[in-house]
Amino acid sequence: MKLDCVRQLWGVQEPLSDRLREFKALGYVAVETAAPPKERLAHFKQQLKDAELGLVAMIYTAGATVQEHLRYLEQEIERVKGLSPLFINAHSGRDAWSEDEAKSFFEGALKLEASAGLVIAHETHRGRILFNPWVTRNVLHTFPELKLTCDYSHWVCVTERLLTTETEILELCARHAHHIHARVGHEHGPQVADPRAPEYLRYVEAHERFWDMIWDAQAKRGYSRTTLTPEFGPPGYMPTLPFTRTPVTDLSAISEWMTERQRARFNQRSQRA
């Protein structure tokens, strides 16, 4: 199995073409972002082609009802199909929905995935249906074909612990994992101030254990390639100094540090195997 690293465009400043070439030189195979407005789609597609980068397309469903969220998902799928994404990462539904509403959404989403011919991975994200481990467990038992983008930084924040009591759920999620967001959370937030700092080492290593479970499960499922995005975010995900809102660290530096650390770990695992 090969690790393909994907670079988030969250917090990336223009000119985009220069940054895309930079990411290609750093060894990324794709970028992850929502598609731009319709009038900019063709230009964005050309920018990706010029940089020889693929796309993981992000979709954020919206609306007041399940049907509105599904219509939004369908419209966005049609909009991104022309960009030939590697797959879609979906922020799906709302955390306030009932079990029946969540079931109705995923029934519709799986039908849309099948008709579109694109893989849709649903992210474990705060504010969305899969905002905690227990809801996600129940959804996966109902929909064994569902695929996940696993961003456990959200769950660490929501549960206010490093998920040490939820091994069975993490193993279940690993069997459904399609994509990893390698951001590191803590008990009181979805992003540590700087993952390179020694005081955050235990959080980094805990998340790495979660990602190892995913890689093991994907290998057993016959994945030839796996994808990872070092999805650290800018202010206000990133802490800032009071009054000045100066970021406490450099977004690019910690993103590239995390990418290199996980590449090295993955290669070591492959050599041992």
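**Note on helix α9 and the chain around it**

1. Cover here rests on contact, meaning heavy atoms within 4.5 Å.

2. This is a predicted model: local features need pLDDT of at least 70, side-chain atom pairs count only at pLDDT 80 or more, and totals for chains, interfaces and linings use all residues. Residues are numbered from 1 along each chain as its sequence is written, and side-chain values use heavy atoms, leaving out hydrogens and water.

3. Helix α9 runs over residues 251-272, 22 residues in total. From first C-alpha to last it reaches 32 Å. That is close to the 32 Å expected at 1.5 Å a residue, taken as 1.5 Å times one less than the number of residues.

4. What caps the N-terminal end of α9? Asp 250 does: a side-chain oxygen lies 3.2 Å from the backbone nitrogen of Ser 252.

5. The chain has 9 helices and 8 strands. These are DSSP runs: helices are H or I with at least four residues, strands E with at least two. The radius of gyration, over C-alpha atoms, is 18 Å, close to the 19 Å of the globule rule (2.2 Å times the number of residues to the power 0.38) for 273 residues, so the chain is as compact as a globular protein of that length.

6. Of the 273 residues, 55% count as buried. Among contacts with a separation of 6 or more, 76% come from residues 24 or more positions apart.

Terms used
A polar contact is a pair of N or O atoms within 3.5 Å; within protein, one must be able to donate a hydrogen and the other to accept it, and residues adjacent in sequence count only if both atoms are side-chain atoms. Buried means under 20% relative accessible area, exposed over 50%, partly exposed in between (1.4 Å probe, protein chains only).
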